[in-house]
Amino acid sequence: MESIQNFDDIVSRQCSVTNRKRVAVVCPADSHTEYVVGRCLKEGIADFLLVCAGECKPEFERLRSMYEGHVKVYLEPTPDDAAYKAVDLVREGQAAVLMKGTLNTDNLLRAILNKEHGLLEPGRVLSHITIAQIPSYRKLIVFSDAAVVPRPTLDQFDAILRYTVSASRHMGVSRPNVALINCTEKVNEKFPHTICYEELKKRAEAGEYGDVCLGGPMDVKTACDADSGSIKGITSPVVGNADVLIFPNIESGNVFYKTITLFAKAETAGILCGTTVPVVVASRADSCESKYYSLALACTGILG
């Protein structure tokens, strides 16, 4: 498989596909969503089912007129009704991707996690993974979980590891280097996640995750900067060469996410994993570009 080096490669891959994915968008009512929908229509990346609450904004009616046959509008009385309608459209096979507009993430998750009519696959863990393009790092990096799982259990860490490694492989990395993140390199019962890390490494050595290299506990700088690892005397192949970062909790993952986008000018793309289809739940503060890349990523099926 041809490797994906940057977000332009992701967009190019999707633009080359002849069969467009159909995306159900819940509560499209903001300028960012308008930008994403309009750009994707212009570039032929996707078609859209716009599930609006109360009314459809004039801007989206304009897009429906401009791209006749590629946009369909549904009107529902409330945001919750819109969320359940969009999930139903996915379950009926009318849409292959779900995207959040202006409603709260919690409202959408209630519809997604509905035991009878939701989208979570039986026995799977719901998690969120992000791909980041950081100007100061030489390749794309995958990390999790910055949005869904507060403090992963061993089973949740196992699922998160499988999701992120799979994404890395789909981007052309034959042997992903995975950094298990902590504030120090020590395994300590005061930090229960470090005990989970040791079990994950044992499973990796037993071949449960295929061809992969796990290193850690280690901090982010050590994972992404070879000099830092050299100074500390850490010789893992992961040091300075991480493809994947597994964070110990949602606080550290989210802080990393927000920090690299603000101070390092990173672009990000992320979706929910564990659902029957990719779900884009970008942060309200994410840039138009990041939301666009997230949808392009979801349409490629890399993380699905």
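Predicted model: local features only at pLDDT ≥ 70, side-chain atom pairs only at ≥ 80, totals over all residues.
Residues are numbered from 1 along each chain as its sequence is written, and side-chain values use heavy atoms, with hydrogens and water left out.

Student: Why are H2 and H11 called oblique to each other?
Tutor: Helix H2 (residues 31-43) and helix H11 (residues 288-300) pack at about 50 degrees, with axes 9 Å apart. Angles under 35 degrees count as roughly parallel, over 145 as roughly antiparallel, 65 to 115 as roughly perpendicular and the rest as oblique. H2 and H11 are therefore oblique.

Student: Which residues of H2 and H11 make the contact?
Tutor: H2 supplies His32, Tyr35, Val36, Arg39, Cys40 and Glu43, and H11 supplies Cys288, Glu289, Lys291, Tyr292 and Leu295. Contact means heavy atoms within 4.5 Å.

Student: What makes H6 oblique to H7?
Tutor: The axes of H6 (residues 154-170) and H7 (residues 192-205) cross at roughly 50 degrees and come within 10 Å. That angle makes H6 oblique to H7.

Student: What is meant by a nonpolar core?
Tutor: The term covers buried (under 20% relative accessible area, 1.4 Å probe, protein chains only) Ala, Val, Leu, Ile, Met, Phe, Trp, Tyr and Cys residues joined through side-chain atoms within 4.5 Å. The largest such core has 59 residues, and Val23, Phe48 and Leu295 are among those with the most contacts inside it. Apart from it lies another core, of 25 residues, including Val51 and Tyr74.

Key: Buried < 20%, exposed > 50% of the residue type's maximum accessible area, 1.4 Å probe, protein only. Axes fitted to C-alpha atoms, helices over the stretch in contact; angles between N-to-C directions. Helix = DSSP H or I, 4+ residues; strand = E, 2+ residues; numbered from the N terminus.
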